[in-house]
Amino acid sequence: MKKSLLILLFGFFSMATVLAQTIVKGSVLDGTSDEPIPGVSITIENTDLTTLTDTNGEFSFTTGVPLGEQMLLVEKYGYVSKRYPIVVNEGKTVDISGMMLDFDVSSTVDLFAVTLTDDELNDDTGGADNISGLLQSSQDVFQNTAAFEFSSSFFNIKGLNSENGTMLINGIEMNKQFDGRPQWSNWGGLNDVVRNQELSAGLSPSNYAFGGVLGTTNISTRASMYRKGGRFTYSSSDRSYTDRVILSYATGMMDGGWSVAAAIGRRWGEEGFQEATFYDANSFFISIEKKISDKHSLNFTSIYAPNRRGKSSPNTQEVYDLKGIDYNEYWGWYEGEKRNSRVKRIDEPILMLNHYWDISPKTTLNTNIGYQFGEIGNSRLDNNGQRLNADGIPIGGGLNPSPAYYQKLPSYALANPNGPDYAQAYLNQQEFLNNGQIDWYSLYQTNMENIGNYSTYILYEDRSDDKLFTANSIIVSDITDNITINGSVNYSRLKSENFAEVLDLLGGNGYLNVDSFDKFQFDMQNPNRIVGEGDRFRYNYNLYSNVLSGFAQAQFKYRKIDFFVGGSLTNTKYQREGLYQHGAFPNNSFGKGRELNFTGIGAKGGLTYKLTGKHLLNMNAAYITKAPTLRNTYSNARENHSVVGDNTGIGITEEKITTVDASYIFRSSIVKAKLTGYYVKMEDANEISFYYADGIGGDNNAFVQEVLQGVNKRNYGGELGIEAQVTPTIKLKGVASIGQSVYDNNPNLYLTSINFGNLSTDTDTEGSGNNIGFNGTSYLKDYKVASGPQTAYSIGFEYRDPDFWWVGATVNFFDNTYVDISPLTRTKNFYLDSDGLPFNDYDPELARKLLKQEKFDNYMVVNLVGGKSWKIKNKYVGFFASVNNLLDEVYKSGGFEQGRNANYRQLRDDKQHETPVFGSKYWYGRGATYFLNVYLRF
């Protein structure tokens, strides 16, 4: 009897507790269409309570709701944020349904930000793909400023490039397995349909992936998540393209449970800021969703954004002084047009099928299948065409067609070993000033005058044709009101075909597929093959990659403390398959090489302690090991199977990252601020470079593969972001980033080349590919890593008038930008003569000056932006315009030392001249540029 009574009382009090629960709930609607808005952030100010609206635009808070007068902050990118006062009474439900959000006329400013570095992000230069969250319009003022204001200066958050962040579309990773970086232009020109993004900055937890040190960004293209309506945009600019049009439309949820979102766009221009940098890009997007039931939905997405653009050259200071910062050596006049020899072409469609399953109100399972295929090509001129003489020996080859080739510049004549040749220097100068571009007609003439019309010069393309299949399942479950667990299982398989293809024989009849310098056959299975346009030649191989991974994570949220823990496990397999038997490596180039196996683990955790509703402390830490990228695994995949470390016996291993950060966060209705300190240690990385070097082992020269193995780097510093809504119409903001990115050890460096004779060891065999010319330590410790400005500041303001016009300005200051150093000149090769002894004229004091890392001048960039919109019935018409680098500041944004002068004597002799022959090559920032955008939203 007593037991029954206790059960009855327990049930009664439990029911009473439920009935007396304090709840805040509501919904959010579009102010124009009255349609529900999913993904709206709802925050009870001065607390840690934050949630997102569901597909019906609804939300609720059921635990930890504070009593009394409270303020709801309602915000979503693309809409004007609003604050709603509420009064919460104990045991009562506050229902604030039907809150309206109006379209934010200034939200299109992110279009300006993306075009800022749209072309640079896809360049082949290190550090040019600088902002991993560039497309993300974050609520965080530091992230926003880094993306919108700092990106044109190649600034890197925490000194890290984009391979340290994870980019997802519908939960499927978009980072390339070749170099770990996203190929941004695969969804370029589709700004209107890639706005639905969720950013987990830094080590903060993500529902989709374990992530990297820079965090995780997931773009959702689920059709039902788009606001019903359409948009037409026209843009004009003088940065990377001159014109752009985008048309997008979304149906919203229709009868029968169907939703469709589609977009089409085009970007074009004959020339951007740099000479002959044409742009030709089309963009297509469609997303179709079928709501099968209340629990199940299927979504199909197709993205196709083929694009071509003319590339621009880095140049020495001598070239810039003669021709200006917009000079580009890659083009020449042909048939009345500027013809660029270096064209990057990307044609990689993306197909996705996504299944969304709401297992219960608190548990969801998202299963995704993706397939991406297509090709990436980079064109260039070749001047090594030959023919077979009567004895069957290849002869021929031509002069370097580059107009900025060092022998054609004044400095070369002034550095004549017999004394300065002023007359020739003057002739070189005048020729470069008056012409200074590729002479396409002379290339055609040479080919047509050759015996048998063989091609000395051709235009060819380095190709990478990928076929990538990806599948994963992602689960998220709120097991209690305070605990959320999530995880995923992922599989991807890549086949990457890599080869060179002849594009244009330039008036000739064929090209001999033989190495012109060393006379090796590129393909021993087909000796002395004559190739034509559309044929593969020089190198031809496949790379295979299989990656199986999983991660699990638990998040805990309480009134005073939030924390999370997560772990990941990854197995990565690589293999190379050679389709050509290279004449220099007959036993190590053809067929399948050995399979490589890597195991990566990850562990991370974080803690947020809420001192009060306004003051918070946050700390995160992680340890990550991961496979090296394909790019940094094979020492020269174009020629042989050799893996990094094969030649030295050290062996390749996983890269390791240790990182920790701590933040103080202040947030009130007027001021939001965040101060962060960070530390990142990277170990056992590999870096591979290709260049022509003089002075190897004293006086030898060769085209080399430089392999840095076991590279450690240390990044540390502080970040500050603060913004203040000082009046309803004026917002002030300030950002600072002060950091150090340095090499943290002296890694091993070795050189390989066809030009070096084989080393005979117990394991080497003739033709194995173990051709080492140098093996030793590179003394890099405490040199700066070239990662863009390591100091950056920004101050700015925004004014938004109630009459729908707005204006903003920022002043940005950059400092501590360094040139990328040559590791070979920091080895013993620098001071040893061919006899293995130091140069008898070696001066240690002078050597220190020669090896001092160049630091660029600091600079300031002023940017302006503003716009106006009009509401006509239920439509919006508007424009915005921006001017970047208003004061036309001239500054170096990056650069690298040429590795040509590999020893002390050569570098000393070159630098004794006022204008060195092999000076560093630089990139300069753009001068004053504009961007104008006009749009109709309907």
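Leaving aside neighbours within four places in sequence, which residues is glycine 310 in contact with?

## Glycine 310

In this predicted model, glycine 310 touches Ala276, Thr277, Phe278, Asn340 and Arg342, once neighbours within four places in sequence are set aside. Its place is in strand 17, residues 307-310.

Is glycine 310 buried or exposed? Glycine 310 has a relative accessible area of 5%. The cut-off for buried is under 20%, so glycine 310 counts as buried. Tyrosine 279 lies 31 residues away along the chain, yet 6.7 Å separates the two C-alpha atoms.

## Helix 7

Helix 7 spans residues 440-449. Its buried residues are Trp440, Leu443, Tyr444 and Asn447. Viewed down the helix axis, these buried residues fall within an arc of 95 degrees, so they line one face of helix 7. The general rule is simple: an α-helix has 3.6 residues a turn, so residues three or four places apart point the same way.

Which strands are included in the cover over the buried residues of helix 7? The cover includes strand 19 (331-334) and strand 20 (337-340). It also includes strand 23 (363-382), strand 26 (458-478) and strand 27 (483-504).

## Nonpolar cores

The largest nonpolar core has 26 residues. Val704, Tyr743, Leu751, Leu824 and Phe830 touch the most other members. Strands 36 (671-696), 37 (700-725) and 39 (748-752) each supply at least two residues of this core. So do helix 8 (844-850) and helix 9 (904-911).

Key
Residues numbered from 1 in each chain as written. Predicted model: local features only at pLDDT ≥ 70, side-chain atom pairs only at ≥ 80, totals over all residues. Heavy atoms only, no water. Buried < 20%, exposed > 50% of the residue type's maximum accessible area, 1.4 Å probe, protein only. Helix = DSSP H or I, 4+ residues; strand = E, 2+ residues; numbered from the N terminus. Arc of directions from axis to C-beta. Contact = heavy atoms within 4.5 Å. Core = buried A, V, L, I, M, F, W, Y, C linked by side-chain atoms within 4.5 Å.
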